[in-house]
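I opened this notebook to keep track of what I looked up, entry by entry.

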Amino acid sequence: MKVLLHCCCAPCSLSCIEPLEEAGIEVTAFWYNPNIHPFKEYEARRDCLINYTNEIGLPLLVKEEYGLVPFCKAVINNVENRCGYCYYHRLEETAEFARDNGFKYFTTTLLASLYQDHDAIKKAGEKY
């Protein structure tokens with residue numbers, strides 16, 4: 001079974017990749033995080049993930065999109081729901097990428113983080 005794994009950062013990926021591979025799942029990492037600001041943080045997380053996946057020999061697909069302006073425009077009238085928008089937007093892109101590139105399944109490292117709203121992430125992913 002092949003799975004596209006949306007990765008928000010390398011540290012969250014650590015707790016996901018090994019258990020998936022041990023379960024016989026073929027993992028491909030996917031970077032799409034236009035919400036991370038400032039740009040230096042975006043670069044640092046992306047580059048750390050690139051280095052980590054290279055180190056362990058894991059395929060990584062990177063969709064470059066630093067989206068400060070579109071993100072701000074999308075949440076300006078509902079700042080309280082910026083996380084919900086962010087979850088939905090990243091999962092939507094991941095689902096479309098998975099569909100268009102032959103992955104039947106996808107998931108996200110966001111579900112591994114103690115700092116994320118897991119119910120909101122699951123709700124955002126229900127469409128897919």
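I began with salt bridges, taking as one any side-chain nitrogen of Lys or Arg within 4 Å of a carboxyl oxygen of Asp or Glu, and by this rule the count comes to 6. The model is predicted, so I noted that local features need pLDDT of at least 70 and side-chain atom pairs count only at pLDDT 80 or more, while totals for chains, interfaces and linings use all residues. Residues are numbered from 1 along each chain as its sequence is written, and side-chain values use heavy atoms, with hydrogens and water left out.

Next I looked up Arg46, whose side chain meets that of Asp47 in a salt bridge at 2.9 Å, N to O, and that of Glu64 in another at 3.1 Å, N to O. Arg46 lies in helix α2 and Glu64 in the loop between β3 and α3, so this pair ties together parts that are 18 residues apart in sequence. Through shared partners, salt bridges join Arg46, Asp47 and Glu64 into one network. For the elements I used DSSP runs numbered from the N terminus, with helices (H or I) of at least four residues and strands (E) of at least two.

Is Arg46 buried or exposed? I found Arg46 buried, at a relative accessible area of 13%, where buried means under 20%, exposed over 50% and partly exposed in between (1.4 Å probe, protein chains only). Asp47, at 32%, counts as partly exposed, and so does Glu64, at 46%.

I then turned to Glu43 and Lys40, which form a salt bridge with their closest N and O atoms 3.8 Å apart. Both lie in helix α2, 3 residues apart, about one turn of the helix. Glu43 counts as partly exposed at 22% relative accessibility, whereas Lys40 counts as exposed at 66%.

Tyr66 is found in the loop between β3 (60-62) and α3 (68-75), and at 31% relative accessibility Tyr66 counts as partly exposed.

My last entry concerns helix α1 (residues 10-22) and helix α2 (residues 39-56), which pack at an angle of about 35 degrees with their axes 9 Å apart. The axes are lines fitted to C-alpha atoms over the stretch in contact, and angles run from 0 to 180 degrees between N-to-C directions.
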